[in-house]
Amino acid sequence: MKPVSFLLLVAALFLSFTMKYEIAPCYLNFKTATDLTALDPERLPASTGQTRTLNSNNGDIEVTRIDGYRILYKNSSNAPFVNLKIELSKETSYLKDQQNLLENLNYLNAHSADMETKELIALEFNGYKIHGLSRKSLEVGSTLGTFVMFPGDGITVYFYFNNLRPEFRNFTSVEDYRKQRDRFIDEYTKHLKSCMGH
């Protein structure tokens, strides 16, 4: 084999491995949420720092973030009910990032008012495990629920369910919010499973 051909082969193999560690379009193109309209994905600015600091019961902890997007899902009143974030960890930090994010959620759950449970909520939809926290009242806080999912390949999916002023709400009670929360996660993960082919 000629040296140039060998170098091209090595470069192709290298790229085939490195390019897999990115945010796949399937995470960003979910458009069929019931009664919600997806806005276009917004990419994190290139100037965004590659680590961020979070609180935990044991002090400050860090999470890496080398790429990311935000997608808002608005209800019929044009209010953003779901704030979906998809972020990519550094390859060597993904497992530690998962641990730190769960520690941060435990901290938030313990230090926030009117929480649904003392422990993190564990959900499972379409083979994906989701962990998070949720409020038991509509009267407190700007966010009703915060959940994370770790589907692999360095990806973390964040689900933020916004509390809205009564005139802009698409839910009538905490029970209704939970139903819509679970429906969104179910539909999103069903889309992922179909789109990713597994």
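# Note on the pocket, the cavity and selected residues

1. The lining of the largest pocket has 10 nonpolar, 6 polar and 2 charged residues, where Ala, Val, Leu, Ile, Met, Phe, Trp, Tyr, Cys and Pro count as nonpolar, Asp, Glu, Lys and Arg as charged, and the others, including Gly, as polar. The model is predicted, so that local features need pLDDT of at least 70 and side-chain atom pairs pLDDT 80 or more, while totals for chains, interfaces and linings use all residues. Numbering starts from 1 along each chain as its sequence is written, and side-chain values use heavy atoms, without hydrogens or water.

2. The volume of the largest pocket is about 210 Å³. On a 1 Å grid over the protein atoms alone, a pocket is an open set of points with protein on both sides within 12 Å along at least five of seven lines, a cavity is a set where a 1.4 Å probe fits but cannot get out, and lining residues have an atom within 4 Å of a point.

3. Which residues of the largest pocket's lining are the closest to its centre? Of the 18 residues in this lining, they are N104, L105, L108, T146 and Y160. Two or more residues of the lining come from each of β3 (51-54), α2 (94-110), β9 (143-152) and β10 (155-162), and β9 gives the most, with 5 residues.

4. For the chain as a whole, the protein has 3 helices and 10 strands, which are DSSP runs numbered from the N terminus (helices H or I, at least four residues; strands E, at least two). Read from the N terminus on, these elements follow the order α-β-β-β-β-β-β-α-β-β-β-β-α. Of the 198 residues in the protein chain, 44% are buried (buried is under 20% relative accessible area, exposed over 50%, partly exposed in between; 1.4 Å probe, protein chains only). Taking contacts (heavy atoms within 4.5 Å) between residues at least 6 apart in sequence, 59% of them join residues that are at least 24 apart.

5. Helix α2, already named as a contributor to the pocket lining, has 17 residues that should span 24 Å at 1.5 Å a residue, and this agrees with its end C-alpha atoms, which are 24 Å apart (the expected span is 1.5 Å times one less than the number of residues). The buried residues in α2 are Y94, D97, Q98, N100, L101, N104, L105 and N109, and the elements that cover them include β3, β4 (61-64), β8, β9 and β10. Two of these buried residues, N104 and L105, are among those closest to the centre of the largest pocket.

6. Helix α3 (residues 174-196) has 23 residues, and its first and last C-alpha atoms are 33 Å apart, close to the expected 33 Å. Its buried residues are V174, D176, Y177, Q180, R181, F184, I185, E187, Y188, T189, H191 and L192. What covers them includes β5 (67-74), β6 (80-88), β7 (121-125), β8 (128-134), β9 and β10. After α3 comes G197, with a positive phi near 75°.

7. F159, in strand β10, counts as buried because its relative accessibility is 0%. Leaving out residues up to four places away in sequence, F159 touches N83, L84, G145, T146, F147, M149, F184, I185 and Y188; F184, I185 and Y188 are among the buried residues of α3.

8. How many cavities of 30 Å³ or more does a search of the whole structure find? The search finds 1, and about 60 Å³ of space lies in the largest cavity. Its lining consists of A33, T34, D35, L36, F81, N170, Q180, R183, F184 and E187, of which 4 are nonpolar, 3 polar and 3 charged. Helix α3 provides the largest share of this lining, 4 residues.

9. Two backbone angles deserve a second look, since most residues other than glycine have a negative phi. D35, which is one of the residues lining the largest cavity, has a positive phi near 65° and sits in the loop between α1 (3-18) and β1 (37-38). D35 is exposed because its relative accessible area is 61%. N126, in the loop between β7 and β8, also has a positive phi, near 55°, and its relative accessible area of 26% makes N126 partly exposed.

10. S137 belongs to the loop between β8 and β9 and counts as buried because its relative accessibility is 14%. Not counting residues up to four places away in sequence, S137 touches D114, L144 and V174; V174 is among the buried residues of α3.

Note on methods
Points joined across faces, edges and corners; volume = space filled by probe spheres on them.
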